[in-house]
Amino acid sequence: MSVLVVRGALAVVEDTGRVRTGDVVCVDGTIVESIDLAGVDRAGATEVDATGCVVTAGLVNAHHHLLQTAFRTLPGTRGIPMREWLPAMASAYTSAGVDPELTGLAARAGLAEALLSGVTTVADHHLTWPSGADTVGMARAAAEAAAGLGARLVFVRGAARDDPQEAAASADAIVRALLPGVHGGVSADGMLQVAVGPAGVHSDPRETFALLGEVAAMHGLRRRTQANEVVDVGIALERYGSRPIDLLDEWGWLAPDVTLAHLCAVSDDEIARLAASGVTATHAPGCDVPMGWGVAPVRRLLDAGLAVGLGTSGGGSNDAGHLLADARLAMQVSALVGPQLPASEVLGTATAGSAEGLGRPELGRLTPGSAADLCVWDVSGVADAGVADPVAGLLWASPGRRPRTVVVGGRVVVDEGRLTTADEHDIVAQLFERVRR
Ligand SMILES: [Zn+2]
């Protein structure tokens with residue numbers, strides 16, 4: 001039996017808006033009630049001192065494009081409309097050559113960054129599949145990067161103007177290779193999940209949505225896509241004379257197993273339809289704001305009853321995979337489109353809200369029975385001096401803070417701010433070497 005005890009925290013955020021004090025006890029990778037310890041041999045237990053710290057669940061990044069970690073701050077990708085951004089990124093992918101090696105190195109860097117900033121689960125919406133590429137090899141490289149670091153990965157077999165038949169065949173092959181014999185899309189240890197996701201109605205035809213949907217139904221996978229960025233609405237109107245939500249509805253993609261990222265320009269009527277369908281949402285302000293797409297009406301989505309998660313999106317638009325920084329941004333910009341969201345509720349989107357969209361209720365919470373994924377945030381430094389509410393301070397104070405300790409499935413993967421599973425500098429050097437920068 002493996003036991004880990006986190007002691008002496010100033011505050012433990014168990015669930016959205018539920019804060020307590022006391023220890024956090026994990027047995028064999030699961031959070032248990034402290035009283036369960038009575039019969040447990042604690043001699044071999046790992047102890048984490050959380051004096052002066054806030055403990056939260058590990059953050060869940062519901063929308064990332066890990067490949068873009070290799071393409072941050074590229075000249076010609078900032079301050080331009082998405083119609084120009086897409087070909088600029090595409091030409092960078094082509095000249096670098098997207099293959100299993102690059103996919104693995106970019107994922108390794110992005111996932112290391114995730115863990116070091118408190119993100120224990122990343123949904124990687126992979127959209128770049130050069131024709132003839134070893135797609136199973138690419139997916140496997142990302143999965144191996146996650147396994148090597150001790151991070152949880154949700155690999156989303158995306159599509160962006162791919163041949164629909166090829167995309168579906170590749171998605172099917174990826175599930176069979178990465179999760180042999182599994183129905184439901186999640187490995188037995190919960191460390192790897194596979195999902196499918198066309199880039200959006202602006203990019204992929206009805207056939208791609210239909211065929212990837214069939215693969216999802218066959219293997220019990222979650223479905224994910226992007227909707228209602230400005231360009232998505234514009235192209236949908238131009239091409240089909242309909243708005244993206246109407247198309248997704250017609251194409252069978254408004255359902256409880258579907259998560260829609262972005263949702264910037266949605267009307268009240270559309271929000272009501274989304275809520276009635278059971279679909280979930282992912283807010284990605286760290287991408288939406290710099291791309292000029294606006295601010296998703298998170299308050300109205302939550303009030304309508306949608307589960308809302310938080311994602312960073314990728315390095316092509318948001319050069320950081322630091323989800324807590326984007327939680328701070330989400331809170332700040334929420335006041336532009338309605339009442340300001342409280343810190344506790346935004347933290348809830350970055351944890352339990354994201355997990356709900358992945359169909360993973362065991363993630364994003366520290367209630368008994370939840371997965372033992374947690375972060376220990378030191379709030380004793382000068383940037384937190386004078387803070388009245390240490391949980392609100394997690395988001396409001398000390399921008400860019402990193403956790404001292406990160407635990408995934410009961411295993412310490414970040415200790416004193418350093419990876420325990422890999423050398424950060426090697427990861428950086430290998431990626432720079434591969435992209436020759
Ligand atoms: Zn995105």
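Reader: Who is the bridge partner of V407 in β18?
Author: V407 pairs with V412 there. This is a predicted model, where local features need pLDDT of at least 70, side-chain atom pairs count only at pLDDT 80 or more, and totals for chains, interfaces and linings use all residues. Residues are numbered from 1 along each chain as its sequence is written.

Reader: And what counts as a strand here, and as a pair?
Author: Strands are DSSP runs of E with at least two residues, helices are runs of H or I with at least four, and both are numbered from the N terminus. Two strands pair if DSSP finds at least two bridges between them.

Reader: How many bridges join β17 to β18?
Author: Three, and the two strands run antiparallel. They make a hairpin with two residues between them. G409 sits in that turn with a positive phi of about 55 degrees.

Reader: What about β16 and β17, parallel or antiparallel?
Author: Antiparallel, over three bridges, with β16 covering residues 374–378. C375 has V406 as its bridge partner in β17.

Reader: Which way do the β17 side chains point?
Author: T405 and V407 go one way, V406 and V408 the other. In a regular strand the side chains alternate between the two faces of the sheet. All four of those β17 residues are buried, meaning 20 or more other C-beta atoms lie within 10 Å of a residue's own; 12 or fewer is exposed, in between is partly exposed, and C-beta atoms are placed from the backbone.

Reader: OK, zoom out. What's the strand order in the sheet?
Author: It goes β3-β2-β7-β16-β17-β18-β19, an open sheet of seven strands with mixed pairing. β3 (18–20) and β19 (418–419) are the edge strands, each pairing on one side only.

Reader: How does β2 join β3?
Author: By three bridges, with β2 (residues 11–15) antiparallel to β3. D15 is opposite R18 in β3.

Reader: Switching topic: how is the protein divided into domains?
Author: Domain 1 is 3–57 + 368–419 and domain 2 is 59–357; the bounds come from an automatic or database domain assignment. Their centres, taken over C-alpha atoms, are separated by 28 Å. The contact between them takes 26 residues from domain 1 and 26 residues from domain 2, where contact means C-beta atoms, placed from the backbone, within 7 Å.

Reader: Which elements supply the domain 1 side?
Author: β2, β7 (53–57), α13 (390–396), β17 (405–408) and β18 (411–415) each supply at least two residues. α13 gives the most to that side, with five residues.

Reader: And the core, which residues touch the most other members?
Author: V55, L111, L115 and A142, out of 135 residues in the largest nonpolar core. A nonpolar core is a set of buried Ala, Val, Leu, Ile, Met, Phe, Trp, Tyr and Cys residues joined through C-beta atoms within 7 Å. Helix α2 (residues 100–116) is the top contributor, with ten residues. Both domain 1 and domain 2 give residues to this core, so it lies between them.

Reader: What is L115 in contact with?
Author: Leaving aside neighbours within four places in sequence, L115 contacts T120, L149, A151, V406, V413, V414 and L419.

Reader: Last bit: what's the overall picture?
Author: The secondary structure comes to 14 helices and 19 strands. The radius of gyration is 21 Å, close to the 22 Å that the globule rule gives for 437 residues, so the protein is as compact as a globular protein of that length. That radius is taken over C-alpha atoms, and the rule is 2.2 Å times the number of residues to the power 0.38. Buried residues make up 53% of the 437 residues.

How values were computed
Contact = placed C-beta atoms within 7 Å.
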